Amino acid sequence: MTLIDDSRPIFVQIAERIENDIIEGGMPEESQVPSTNQFAAFYQINPATAAKGVNLLVDQGILYKKRGIGMFVATGARAQLMEKRREQFFEQYVVTMIAEAEKLGITSEQLMDMIRRGDGGK
């Protein structure tokens with residue numbers, strides 16, 4: 001993920017970057033995440049902006065704070081993020097694809113054939 005995308009708030013991009021690292025295994029559950037100051041220095045942003053992104057994930061139960069130590073990835077965070085991303089995928093891509101297929105008169109069978117063709121028939 002490229003930071004910084006001017007079309008979206010930076011703190012949202014920070015949260016998504018952490019989410020991606022958790023999903024991809026770069027930040028395992030119960031591991032410590034970089035501090036907001038480390039994020040700020042790495043991305044050359046204001047520490048308050050980095051903190052806002054981290055706090056989004058704290059509010060969602062993805063990260064938790066150990067007082068005096070730092071932020072950590074919560075147990076179950078990866079599964080929670082995977083479910084969230086699957087639902088987003090469904091809403092953003094599948095629902096949109098089905099609506100467009102209906103407009104074009106593509107049947108369910110034709111759509112399934114297109115999907116099979118797109119994934120090499122797996």
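With which residue does Arg-17 form a salt bridge, and how far apart are the closest N and O atoms? The partner is Asp-21, at 3.8 Å; a salt bridge requires a side-chain nitrogen of Lys or Arg within 4 Å of a carboxyl oxygen of Asp or Glu. The model is predicted, so local features need pLDDT of at least 70 and side-chain atom pairs count only at pLDDT 80 or more, while totals for chains, interfaces and linings use all residues. Residues are numbered from 1 along each chain as its sequence is written, and side-chain values use heavy atoms, with hydrogens and water left out.

Arg-17 and Asp-21 both belong to helix H1, four residues apart, or about one turn; helices are DSSP runs (H or I, at least four residues), numbered from the N terminus. The structure holds six salt bridges. Another of them joins Glu-19 to Arg-85, with the closest N and O atoms 2.9 Å apart. This pair links distant parts of the chain, since Glu-19 lies in helix H1 and Arg-85 in helix H4 (residues 77–103), 66 residues apart. Glu-19 is buried at 3% relative accessibility, whereas Arg-85 is partly exposed at 25% (buried means under 20% relative accessible area, exposed over 50%, partly exposed in between, with a 1.4 Å probe and protein chains only). Glu-19, Lys-84 and Arg-85 are linked in a network of salt bridges.

Within helix H4, Lys-103 and Glu-100 are three residues apart, about one helical turn, and form a salt bridge at 3.0 Å between the closest N and O atoms. Lys-103 is exposed, with a relative accessible area of 65%, and Glu-100 is partly exposed at 38%.

How values were computed: Helices (H or I, at least four residues) and strands (E, at least two) are DSSP runs, numbered from the N terminus.
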